[in-house]
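Please open the model in a viewer and keep the selection tool at hand.

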Amino acid sequence: MLAAGRCGIVREFRAISVVTLTDVAFQRCIVPACGATYGVDEVRVACDVCGSLLDVVYDWERLKPPDKLSFFETKWSRRYEPLSLSGVWRFYELLPFAPRDRVVTIGEGQTLLQSSPGVAKYVGVDGGELLLQYEGLNPSGSFKDNGMSAAFTHAHTINAKRAACASTGNTSASLALYCSVTKLMRAVIFIGSGKISYGKLSQALDFGALTMQIAGDFDDAMARVKEVSSQLGIYLVNSVNPFRLEGQKTIMFRVLEALRWEVPDWIVVPGGNLGNSSAFGKAFAELKEIGLIDRVPRLAVINAKGADTLYELYENRGLRWNGGQIDGAIRDDYYAELDAAEKRASTIASAIEINRPVNLEKCLRALDTCDGVVREVTDQQILDAKAQVGAGGLGCEPASAASVAGAKLLVSQGVIAPSDRVVCVLTGHQLKDPTATVAYHTTDQDQFNRVLGSRGVKRAAFANRAVAVPNQLDEIVKAIQLYS
Ligand SMILES: *Cc1c(COP(=O)(O)O)cnc(C)c1O
Ligand SMILES: [Zn+2]
């Protein structure tokens, strides 16, 4: 059967009257020396020739994308159209891999870029500006919806009936949501046992996903889901899926949009599987290539100390993109050391608790594009930063706060200047992981020790402790007067 994508016609496409998508969008191996290409209607997670990751690439010459980013502002007045309302598909012209009539949107990407003077002070960008790109506002509460909308669209384009992912929680919550809203596919999700926060697990269960809890951690779940989906022909939506990253590019388009198309000095993002950082690098490289921006921001990717593969490889062992000639032995030796030491990823920031990031190579390319740096932060630094973010009004989950903790570290090291304009991406909503938040603010030392002390967190410098009062009016009144 001919896949739908092959005969999809982009009738409305500007400047091109009738053109099939497979002529202007295709998949290509990220290694320039290989460069193998595949149709946009094919399902693969790696290059057949060399095994590397794939990109979705476009023939910009023929597509003739808008010549000014302000073109996208014209869509604001057409919010009644789902493709203009969506914060992902508003930028359709910059990710045109599917026919418009196959695009799946549930209103993702209605997120905001908020200036935060309190967090700026904490981070130390006094003369500059600190902005929080709050992706917790997505329908499932994390940035994953940006990528899911795109991967789901691709899956729908090729008529997939089941979609699977391994997840530390947010990808599965997102996939489960898209399946339950659209009824286009059945969600099959793989999670490591005991590693997923209740906020995220409850979403997957509530939305009706087939939930496979395997005895192992995320890296195990990832390995199994790849095998299972190739054996059963289930569509894989993990971020090895190049279409996901197309959706995640739009997080940066919205940052630019909120800054009236001015490029900030820094983008700071937590690094787990490195899909986001990879997508951001691709977004800026493409905008520059098309001529829509004249410079790219610098990129900082922040690992948790207990899951710091990228930091170790990039900052300590000198692994670089190197024009696509990556020294694989550096990576392989490190993974062999991890195995020999039986070292497992471990951090309170469960969304980035990953030791074998699937997008490592793409992220190295992004770091190359954006003159990037990588840092690691402790769980203590993460939770303190998270409390500061919360006090500033935008609650986030622990992994998200790694960006703020990382920005603070980079300012203290003199890498980020106090006068810089810095955008920290808050990847997920506060309510995703209330356990960590409550343990941080608790007065119950046992609870603190159990949840956080075991991870080397010693104090909660910014704790807002509940006041215990007897069930008596006068005592309550006294306490309020004392504390307020
Ligand atoms: C998935 C996730 C991350 C990690 O993003 P990658 O693209 O895998 O690096 C960070 N924070 C949250 C909340 C996430 O859900
Ligand atoms: Zn290849």
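The lining of the largest cavity comprises 17 polar, 9 nonpolar and 3 charged residues. The structure is a predicted model, and it holds 3 cavities of 30 Å³ or more. The largest cavity contains about 300 Å³ of space. To find its centre, select Phe143, Lys144, Gly272, Asn273 and Ala351, the closest to that point among the 29 lining residues.

Next, colour the elements that contribute to this lining. Select β6 (162-167), α7 (170-182), α10 (242-258) and α11 (275-290), each of which supplies at least two lining residues of the largest cavity. Of these, α11 deserves a separate selection, as the largest share of the lining, 3 residues, comes from α11.

The tour now turns to nonpolar side chains. In soluble globular proteins, such side chains tend to be buried together. Select Phe97, Leu175 and Phe280: these residues have the most contacts inside the largest nonpolar core, which has 106 residues. Then return to α10, which provides the largest share of this core, 7 residues.

For the last stop, select Val119, Ala120, Ala402 and Val422. These residues are among the 36 of another core, which lies apart from the largest one.

Notes:
Residues numbered from 1 in each chain as written. Chains lettered and ligands numbered in written order. Predicted model: local features only at pLDDT ≥ 70, side-chain atom pairs only at ≥ 80, totals over all residues. Heavy atoms only, no water. 1 Å grid on protein atoms, 1.4 Å probe; cavity = no way out; pocket = protein on both sides within 12 Å on 5 of 7 lines; lining within 4 Å. Points joined across faces, edges and corners; volume = space filled by probe spheres on them. Helix = DSSP H or I, 4+ residues; strand = E, 2+ residues; numbered from the N terminus. Nonpolar A, V, L, I, M, F, W, Y, C, P; charged D, E, K, R; others polar. Core = buried A, V, L, I, M, F, W, Y, C linked by side-chain atoms within 4.5 Å. Buried < 20%, exposed > 50% of the residue type's maximum accessible area, 1.4 Å probe, protein only.
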